[in-house]
Amino acid sequence: MSRHWVLGEFASSDALVAALKDLRAKGFEQLDAHTPFPVEETFEALGLKRSKLPLLALGAGLGGAGFAYVAQWFANAVDYPLDVGGRPLHSVPMNLPITFELGVLSAALTVFGALMVLFGFPHVTHPVFDVESFRSASVDGFWASVAVDAEDAPKVEAALRELGARQVSVVAEGAR
Amino acid sequence: MNTADPQVPAPGDPLTEHPLLVGRHSDLEYSESLLAYVHRPAGRTWWGLLGLGLAGTAVLAVAVGVTLFVGVGAWGNNIPVGWAFGITNFVWWIGIGHAGTLISAILLLFQEKWRGSINRFAEAMTLFAVTCAGLFPLLHLGRPWKFYWLVPYPSSLRAWPQFRSPLTWDIAAVGTYLTVSLLFWFLGLLPDLATARDTARTPRARFWYGLASLGWRGSARHWRQWRTGYLLLAGLATPLVVSVHTIVSFDFAVAQLPGWHTTVFPPYFVAGAVFSGFALVLTLLIPARKALGIEHVVTPLHLDNMAKVLLATGWMVAYGYLQEHFFAWFSANPYEQHVMEAQVSGPYAPLFWLQMFCNVAVPQLFWSARLRTNVAVLWVAALLINVGMWTERFLIVVSPLSMDFLPSSWAAYRPTWVDWSLLGGTVAFFGTAFLLFLKWVPPVPVSEVKELQREVDASLRFQREHERPTGGAP
């Protein structure tokens, strides 16, 4: 049984949000919205939870900074001590710039990497791209998508039309 | 009693009082007008400029080749002037990048809506400027192929880099800066690359934009995470605006040379960086907004705001000059005093007065609201500020070095043709990269403009719905 996506295009973000709320009330689980720009209300309508990204970034930042500090201390004070005019081998202020920069770097790399993993990118052949008119999702169309089993597709299709979708299409996973 | 009623529009909603978008355009119109230049075949001017840029880049290649083949001896550097053009150009270029990060990160966190139309330009500029900057310390190593010695790795030499030297800090700062700027830029670009894919007119363009957008489909789940991630990267880039040029200034401030060994350097360098960066953004934006036909999203208000930033940072830079000279005098240190005296009346005095004219006098034009939006005045002023800032970097690097403690070791500095070619060559390389950017990459964040338009619409609707009868002030 292959998964089907039922896609419906709405003319405005308000119509889309209303439709999403309605679909959710009707008990459809695997809903998504596709919009040309972030629409705050769709997040609420879909009941999306807060992102955990900030915590991850904090952890990675602290980890990177800690690693940088320890690496500098180990290199200059333990493994290869180099006396420069009698200055202390382990001096905290001199280690701070690199500690800070590496903290920022590892947090940024983690945020970007985590986003790519969460999005499942790169993924340029998602079934929704099979619908030619889905191009408008990045231009001026506000799309709702419902992932369902094949036998439920007609039901969702009807529901979307009833909600005033401009056009409705169905795509199947692995149809190509 | 005057309680705030949320149902009454606040007087002076900035979104409706000072329009950032000229006219009301639909999402489709924005998608088309903002991407028109990208999808159009290149015109004659573009090819002409690209040819010029490539010619200049060829000069850069020759100069780099000579430097690699002959060594740093091909430059005008001598003892005592060991840093000269190489470090001047490095500091200048890296400073220019800071405007991009300021516009894209700090103004995003402050929710300044006007950043939306210009941030893509500024960020692209950051990337190219940092690339140009990175070239100079690399060549300056003398043996650039051994650059990896600056990075700690367990080598068979059994030696580690010396982390108490600011040069190793530079590697971390510039490397982080370039990486974070690139990630931030690309993440912001993803939705617009998808728009470019979906409005592409040829299968080839569709293929390449499709590949570059990694499969962005505008999913709400993605937008949700994307927005958090974008804000996080903005937050991470924000301290970089301050830290990178601070670390660059440590290269000088940590040394004991008179004229360098001063605590004012970090803030003074950062202010100068933002100053020069905004000047370059204006230099490029003014012709580009006309050529690209995007004057409806890059409005006179944007130019006006940028001119105000120039005025403010111009004063910070002026304050830096004042402090530098004041502390030299106040220190009662004859070497410090001599370096500052020599700047005003010594062999490099014409450059000093050029710097004062470009960086302190010229920005004062922007007290006038009319001049702030006069594109010709603005463009010339921005160009002069670029020149002035380069002069400042040159004076900071060269004049203290050429006259340090012992008069017997003083020497003047003369750049060679290789020095000039490296400077001019990086400018040409920068221009080439910028032209390619204009042609290939959506130059204005389309999704952000649409989002702004929606907010403006909501504000206007709100105002209309709650319009009070005349004279009904609470």
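**Exercise 1.** Work out how the residues that line the second largest cavity divide into nonpolar, polar and charged.

*Solution.* The lining of the second largest cavity divides into five nonpolar, three polar and two charged residues, where Ala, Val, Leu, Ile, Met, Phe, Trp, Tyr, Cys and Pro count as nonpolar, Asp, Glu, Lys and Arg as charged, and the others, Gly among them, as polar. The model is predicted, so local features need pLDDT of at least 70 and side-chain atom pairs count only at pLDDT 80 or more, while totals for chains, interfaces and linings use all residues. Side-chain values use heavy atoms, with hydrogens and water left out, residues are numbered from 1 along each chain as its sequence is written, and chains are lettered from A and ligands numbered from 1 in the order in which they are written.

Step 1: the residues that line this second largest cavity are B:Tyr268, B:Tyr321, B:Glu324, B:His325, B:Gln343, B:Phe352, B:Gln355, B:Glu392, B:Leu395 and B:Ile396. Step 2: two or more of these lining residues come from each of α10 (300-330), α12 (349-361) and α14 (375-402) of chain B. Step 3: the space in the second largest cavity is about 40 Å³.

**Exercise 2.** Which residues line the largest cavity, and which element gives the largest share of that lining?

*Solution.* Step 1: the structure has four cavities of 30 Å³ or more, a cavity being a set of points on a 1 Å grid over the protein atoms alone where a 1.4 Å probe fits but cannot get out, with lining residues having an atom within 4 Å of a point. Step 2: the volume of the largest cavity is about 60 Å³, volume being the space filled by probe spheres set on grid points joined across faces, edges and corners. Step 3: its lining is made up of B:Gly100, B:Thr101, B:Ser104, B:Glu123, B:Thr126, B:Leu127, B:Val180, B:Ser181, B:Phe184, B:Trp185 and B:Ala237. Step 4: α4 (84-109), α5 (119-140) and α6 (166-199) of chain B are the elements that give two or more residues to this lining, and the largest share, four residues, comes from α6(B). Step 5: five residues of the lining of the largest cavity are nonpolar, five are polar and one is charged.

**Exercise 3.** Compare the spread of chain A and of chain B with the globule rule.

*Solution.* Step 1: chain A has five helices and four strands, which from the N terminus on follow the order β-α-β-α-α-α-β-α-β. Step 2: the radius of gyration of chain A is 25 Å, well over the 16 Å that the globule rule gives for 176 residues, so chain A is more spread out than a compact globule; the radius is taken over C-alpha atoms, and the rule is 2.2 Å times the number of residues to the power 0.38. Step 3: the C-alpha trace of chain A spans about 80 × 35 × 30 Å along its principal axes. Step 5: the secondary structure of chain B consists of 16 helices and zero strands, helices (H or I, at least four residues) and strands (E, at least two) being DSSP runs numbered from the N terminus.

**Exercise 4.** Locate the cis peptide bond that joins A:Phe121 and A:Pro122, the one that joins B:Ile79 and B:Pro80, and the element that holds B:Ala84.

*Solution.* Step 1: most residues other than glycine have a negative phi, and most peptide bonds are trans. Step 2: in chain A, the cis bond between A:Phe121 and A:Pro122 has an omega of about -5°, and A:Pro122 is in the loop between α4 (92-119) and β3 (142-149) of chain A. Step 3: in chain B, the cis bond between B:Ile79 and B:Pro80 has an omega of about 20°, with B:Pro80 in the loop between α3 (44-70) and α4 of chain B. Step 4: B:Ala84, a residue other than glycine, has a positive phi near 45° and lies in helix α4 of chain B.

Note on methods. 1 Å grid on protein atoms, 1.4 Å probe; cavity = no way out; pocket = protein on both sides within 12 Å on 5 of 7 lines; lining within 4 Å.
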